[in-house]
Amino acid sequence: MDGEVLWEKDFEGESLKVQQVIQPPGSNLIYVVGFASSSLFEMYQINALNGELLKHESAAFSGGFLGEVSPVFSETVVALDSTGLILLTISFQNGKISFHQMPISNLVKDSFGPAKIIPSSVTGIFAIKMNAVTIVIRVKDESKLEVVEKTNHETSISDALSISEGQQAFALVQHASHEIHLRVKLAHNWDDNLLKESVKMDQHRGLVHKVYINNYIRTDKSYGFRALIVMEDHSLLLLQQGEIVWSREDGLASIIDVTTSELPVERDGVSVAKVEHNLFEWLKGHMLKLKGTLMLASPQDIAAIQSMRLKNSEKSKMTRDHNGFRKLLIVLTRAGKLFALHTGDGHIVWSHLLQSLQKSKVCQHPIGLNLYKWQVPHHHAMDENPSVLVIGKCGPSSDAPGALSFVDTYTGKELSSLSLVHSVAQVIPLPYTDSTEQCLHLLIDADKHAHLYPKTPEAISIFEREFSNIYWYSVEDDNGIIKGHALRGKCTGEVADEVCFDTRELWSIVFPSESEKIIATVTRKLNEVVHTQAKVIADQEVMYKYISRNLLFVATVALKGSVEIGSVTPEESWLVAYLIDTVTGRILHQVTHHGSQGPVHAVFSENWVVYHYFNLKAHRYEMSVIEIYDQSRADNKDVWKLVLGKHNLTSPISLYSRPDVITKSQSYFFTHSVKAIAVTSTTKGITSKQLLIGTIGDQVLALDKRFLDPRRTVNPTQAEKEEGIIPLTDSLPIIPQSYVTHALRVEGLRGIITVPAKLESTTLVFAHGVDLFFTQLAPSRTYDSLTDDFNYALLLITIVALLAAIFVTWTLSERKELQENWR
Amino acid sequence: MEKGKGIMGSGGRWAVDFSDNSTAPPSRDIPDPPGFTRASVDQDDSTVSRQKKDAESNWKAQKAWEVAQAPFKNLLMMGFMMWMAGNTVHLFSIGITFSALWQPISALQGVGKVFEPYKDNKVDLLGPKLLFIALNLGGLALGVWKLNTLGLLPTHASDWVSSLPPAQEVEYSGGGIPL
């Protein structure tokens, strides 16, 4: 009863694919049934208490097997043969396995196509699905199969619930077009319904996937049932007595990608907040607030006051903020549903189930991939709504065709959707926009052709102007090759409608596959803003940062080191970090950490990379920082030239010129294991940065970047201390007050995203996993706005008092001077 | 004060007349005092007055040079106080530096007023004035140098470079691990 493992039996050695484990109620035996090969059925009888194998039987069936088995009785299962057209009842009583065949066409008149068994644990009942028709079949005994229900609607059967001795109840849920029909029946009596209800359900949740039932005893001692249904968009609903008692959007626990969108501009004369039209309501509101202040309010009144306050509070208004704190977070979940969350209080503004990412005839296993900003109107902000682009693909393989979907972010409606004929291997958002403020995107498919979206002639002309400056690279981590490509010209022999370009390979870096394996790559964020290119250090010296958006950080480990921590010795594992220029393929910097191992989490910002790995020799986690500086600009020391502007520090640079870089790096020990690392980002890039580290304890720690400065020394000089360099210690301090999540935990933390607000000192942080967490951070404290409790009254009184004092003393001194003159 | 008022009440204040009657003709109703001989030799008078005038102008020129050299002492004192203030930017050092800058400027504005009492036809005030101006400019230069040592003047390359935005790159590349 304490969860201790009593015994274990591994069936993989006997190449058995275990299908079901059946424990008949009340006995100590376990039957394990499965298929050893495609036509061999095996049954093992095991003592439940000590794992001892009691019996083993196997039998071959010439027709083969397909799919899953469904247990119907304690010693009988039902399976399908390999054509999917014949039902097999397999019973293994008393150690003898016997097969009994029944073609489906005998049971159902117009059946065609292979069937699929939907297993259920209800005694004597199972269901099969044949091209959108679900058939529920009851098994009377070994050879008698009877069709009890046949329907086109999406059906789901719950597990069996035993209500009284020997009786089992189960629920059957069917989703017609706008209604859900729930029926609870007893296992042995199909025709009677213990419960029959229908609930109205609109389509934005998709179809029913699963149902679970629970029972309660009513006041008249009869059984009542409630059902928990799981819908296609991963939301949960509780049905009781014919209505939905509550619902939960649990799709938000599996967020794949996040992007942000601005809220509408506040228009004069149009108030977005709800105005209390009724004078009576206004009076009632004020009476309640008065009661609350005088401590006369009852608990219901207090709840009403709270809800009124929440409704009128500033942070959940649906218009843009002066400081840029109110935004919409658009998230794409694994279920293919798009949610828009308001950053003020996290409520769901709209949600949309994307049809292009749902299972359909065209796409069997759709997978959502990424979200990109599609149209971000600045000049037309009053007329146009921003929209996002959702990219998905129709299957798990790399050449599955892609699917695009464009969604308006203010209304949540799908503007259009495209099913692509080509696959989507990479998506490259280009920094160009056309006149309707749509961002150009380049989709690379598995055959290395580049497709431009939107497919308008204006976009094509903008793209062709910049044709020769666009490159792309691909990282193939299974064979350790990084390749860089350039665009060549229009595709040959393609469909006329497609805007497609050929690419040619420019360079490739081949990592020696017997000693290195790529485990992490990271680049700078595309929309990051860097404030200056010069870094002023002690004694007014200048170092020029090497800021290039086309740098890639790659971390490789020794082959043996790509397993769990601690299973290799320090001599056999090393970690190599590279900084690679992705346009020319130059390796700008390479550093080897001997005796270190992955997993590696890295973040790249401005001109530095911070990465986290495990040091086997020291048995601790380590964090390293690499900063790159441009040495070729260091000759600009003549002040007169700089004053007059005769320098070329701001002229555009090309990566084909010889880079002259120096790097500085340092490593520090760090206690925690991390799940994700991100860095704060602000609109102008002036505020100092903090690293947001998602620890293994599901909390987010904010670590100032000054702790990861490669110029730290043990004894800094006076000038270095003035600059703010912290003396060097061997490990990074973890200050308990710098946990962003305070005392909360973001369960199952998977990703941290930072979004700049309009106010320079503040950045918005969103951490998601199973839980969602959102906060505002000010890494250098809010230096550009007054605190909330600034005492304006005191300021005014002081000013008025000073003016009065000036006037009084002025008149006094004038009078004294006059008296002096008249003496 | 009461005495003065009392006298005023009885007939007014004493008025002193400085006119020199020693060269006036003897035909005045006031007889000369006994033993007084009128030496009405013009040349003797002019030499005496010339001597007096020479003495006066010499004295004035000397005084003018002294006044012109006065800022030198001020300079030394200011220099010493600035050295005491140190190299960091604090209230004291900023105050000293700004007063070292303001004093020469205000003195330069009032050059004419300073040399007003020594104005004379025979005295050449240009030399002292130039020296005065030069010493004050020296004081100003000292203040500016102190400002530079405090680091408040944009004389280093880092002051002009730290506001430059990053250079744009001509090429653009994207991509990564295939989706």
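The model is a predicted one, in which local features need pLDDT of at least 70 and side-chain atom pairs count only at pLDDT 80 or more, while totals for chains, interfaces and linings use all residues. Residues are numbered from 1 along each chain as its sequence is written, chains are lettered from A and ligands numbered from 1 in the order in which they are written, and side-chain values use heavy atoms, with hydrogens and water left out.

A pocket is here an open set of points, on a 1 Å grid over the protein atoms alone, where a 1.4 Å probe fits and protein lies on both sides within 12 Å along at least five of seven lines; its lining residues have an atom within 4 Å of a point. The second largest pocket holds about 1800 Å³ of space, a volume being the space filled by probe spheres set on points that are joined across faces, edges and corners. Its lining comprises 49 residues, and those nearest the centre are A:K116, A:K129, A:E154, A:H209 and A:K359. At least two lining residues come from each of several strands of chain A, including strand 5 (66-73), strand 9 (116-118) and strand 10 (125-130).

The contact between the chains (heavy atoms within 4.5 Å) involves 51 residues from chain A and 26 residues from chain B. Between chain A and chain B an area of about 3300 Å² is buried, 60% of which is given by carbon and sulfur atoms; buried area is the accessible area (1.4 Å probe) that two parts lose on being put together, summed over both. Zero salt bridges are counted between chain A and chain B, the criterion being a side-chain nitrogen of Lys or Arg within 4 Å of a carboxyl oxygen of Asp or Glu.

In the backbone of chain A, the peptide bond from A:Y453 to A:P454 is cis, with omega near 0 degrees, and A:P454 lies in the loop between strand 32 (449-453) and helix 4 (457-465). A:K448, although not a glycine, has a positive phi of about 65 degrees, and this residue lies in the loop between strand 31 (439-444) and strand 32.

Note on methods: Helices (H or I, at least four residues) and strands (E, at least two) are DSSP runs, numbered from the N terminus.
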